[in-house]
Amino acid sequence: MFKKVLSVCMLFAFLTNTFAQENLIINTYNRSSTSLGGNWKYIIDPYENGYYNYRYEPFDQQESPQASAFFMNSKPKDRSDLLEYNFDAVDSLNVPGDWNSQKKELLYYEGTLWYKKSFDYTPAKTPSRQFIYFEASNYKSEVYLNGTKLGTHIGGFTPFNFEITGIVKKKDNFLIVKVDNKRLKEGIPTLNTDWWNYGGLTRDVSLIEIPLNFIQDYFIQLNHENDKQIKGYVKLNGGVISNQKIIINIPDLGIKKEFVTDDRGYVSFEIIADNIRYWSTENPFLYDINIQSKEDEITDQIGFRTIHTKGDQILLNNIPIYLKGISIHEESPMREGRGHSLEDAEQLLQWVQELGCNYIRLAHYPHNEHMIRLADKKGILVWEENPVYWTISWDNPKTYQNAENQLSELIDRDKNRASVIIWSMANETPNVPARNTFLTKLAKYTKSKDPTRLISAALEQSDYQGNKFIRTIDDPFADVVDILSFNQYIGWYDGLPEKCSKIIWKITQNKPVLISEFGGGAKYGLHGDKEERWTEEYQENLYVETLKMLEKIDQLQGFSPWILVDFRSPRRVLPKIQDGWNRKGLISEDGNKKAAFYVLQNFYKNKTSPNKE
Ligand code: GCU
């Protein structure tokens with residue numbers, strides 16, 4: 001019986017590896033898993049010599065892969081044998097962690113790098129199934145275990161997993177991953193971004209052991225149309241999945257209900273509960289939710305809240321809320337490179353709370369799960385963003401599918417997190433027909449997958465009827481989103497800070513307005529008068545003038561200035577000022593607060609309610 005289940009699982013695993021992550025395991029945060037983090041051997045392979053033969057044919061698509069294929073981890077048969085690589089004789093990289101910030105020779109490296117991890121494994125229980133779970137790997141990953149190809153993943157910021165049941169052994173396993181972070185015109189994101197293209201296994205890699213028949217997916221949220229009803233679904237995977245009993249247990253609500261799965265292993269449910277303690281920014285209460293099936297059991301911490309718009313207001317649990325926010329890139333404040341750890345998240349969110357924020361915009365791609373789980377606990381609302389950034393290949397169907405896959409994996413990972421209230425479709429994309437079609441399709445997909453949250457995007461702003469001093473939103477995608485967001489840089493890219501007093505905003509749509517970016521650069525410690533570009537005084541005055549201008553927008557329900565911390569960008573090369581860093585942070589990369597930090601902190605401290613009741 002086990003062999004039969006095993007072969008079905010492996011076939012299922014192989015088939016799903018080539019499409020979107022249909023068997024993505026959710027809530028690995030609470031699953032017993034073994035981290036494979038630590039030192040991994042690596043080989044830099046800019047010509048992909050370990051992947052293609054000299055005719056440029058992939059080794060892993062050949063009947064009998066040659067020994068020269070790096071994923072075979074070959075060793076010389078004897079002392080005369082020719083082999084031109086050796087994983088045992090090379091240096092190591094830390095995983096999790098981007099490669100750029102670990103080795104000087106990799107600072108600007110964009111290309112293929114091979115990782116190898118050797119490990120032994122003894123199942124805690126038998127029979128059981130095993131998966132390798134990647135929290136993220138940037139950008140394209142080809143994964144092999146013991147010489148067997150597990151699959152391919154595209155996208156640098158979302159989780160994916162491959163089943164290794166029957167492939168993993170007790171001793172001497174070798175997990176080999178080819179990661180390629182080359183930027184691609186047809187990629188998501190595309191060639192041009194204003195952030196560092198950190199490559200590699202940027203987040204942790206774990207071995208997850210689960211029962212043959214396990215709880216693979218579930219969605220448990222408050223019905224967005226009835227705040228006395230908990231609604232959702234559970235999905236089983238593997239073995240006998242139909243007609244199985246599922247128990248949902250919410251002890252603090254005195255709820256313990258049984259349901260039965262259909263022939264797809266799926267069951268949707270609605271549970272009435274009239275004494276719910278709602279999650280909010282002041283009271284971020286999380287319920288322990290326990291889900292049991294015949295062979296599996298998992299517990300999650302879930303907050304119940306509703307988020308709506310009503311006219312030009314944003315309502316959290318039917319109460320108008322003003323989003324006092326800040327934008328954040330995923331860089332570690334503790335060391336150089338991509339952030340990935342709980343410590344990174346704790347430091348960033350400590351600054352967020354010191355600033356007086358109740359909201360963060362995680363730009364421009366999904367951040368690690370620690371940030372979202374901590375925001376849940378701290379009562380900080382979150383905007384999460386798909387990396388559809390600037391000049392995407394709008395007409396390419398593969399590019400669309402890539403965008404949809406990455407968004408699907410993000411929503412699957414975070415759909416049970418109360419703090420997440422907005423899914424952002426894109427950032428600063430051109431108002432052209434192909435883009436409007438692409439984003440409208442993405443928005444419809446998002447609403448179908450998760451009807452409980454709001455959608456937005458950083459839209460295009462423009463002059464009102466040709467008048468340069470009246471700004472408006474006439475972007476057609478404004479008719480699709482729930483919240484009107486846009487980036488505006490009057491006083492930095494557009495005139496000087498004094499120009500703010502000459503601008504009127506005329507927003508005609510009856511929807512909430514959330515300014516997704518404004519700001520300007522300053523080198524920490526550079527002082528001068530407020531007209532001198534790059535001084536802290538210039539940035540400070542820009543914030544003063546911008547806040548005065550934005551406050552005049554009636555529908556304004558908050559903003560997320562650009563940006564909390566200075567961040568690495570290869571586009572920013574001004575010597576002695578930028579030196580490869582974007583300086584719009586309110587805090588320097590060394591953790592020093594600039595004068596503008598206190599302007600925003602003071603504004604938020606005195607901002608108690610939305611612009612109009
Ligand atoms: C843009 C963009 C950001 C960029 C910022 C800047 O609005 O959304 O990714 O870093 O402006 O120019 O600093």
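The model is predicted: local features need pLDDT of at least 70, side-chain atom pairs count only at pLDDT 80 or more, and totals for chains, interfaces and linings use all residues. Residues are numbered from 1 along each chain as its sequence is written, and side-chain values use heavy atoms, with hydrogens and water left out.

The protein chain holds seven helices and 33 strands (DSSP runs numbered from the N terminus; helices are H or I of at least four residues, strands E of at least two). Its radius of gyration is 25 Å, close to the 25 Å that the globule rule gives for 613 residues, so the chain is as compact as a globular protein of that length. The radius is taken over C-alpha atoms; the rule is 2.2 Å times the number of residues to the power 0.38. Along the principal axes, the C-alpha atoms fill a box of roughly 75 × 60 × 45 Å.

Of the 613 residues, 61% are buried (under 20% relative accessible area, 1.4 Å probe, protein chains only). Among contacts with a separation of 6 or more, 71% link residues 24 or more positions apart; contact means heavy atoms within 4.5 Å.

Strands pair if DSSP finds at least two bridges between them. Strand S19 (residues 313–316) runs antiparallel to S20, joined by two bridges. Leu-315 has Pro-320 in S20 as its bridge partner.

Key: Buried < 20%, exposed > 50% of the residue type's maximum accessible area, 1.4 Å probe, protein only.
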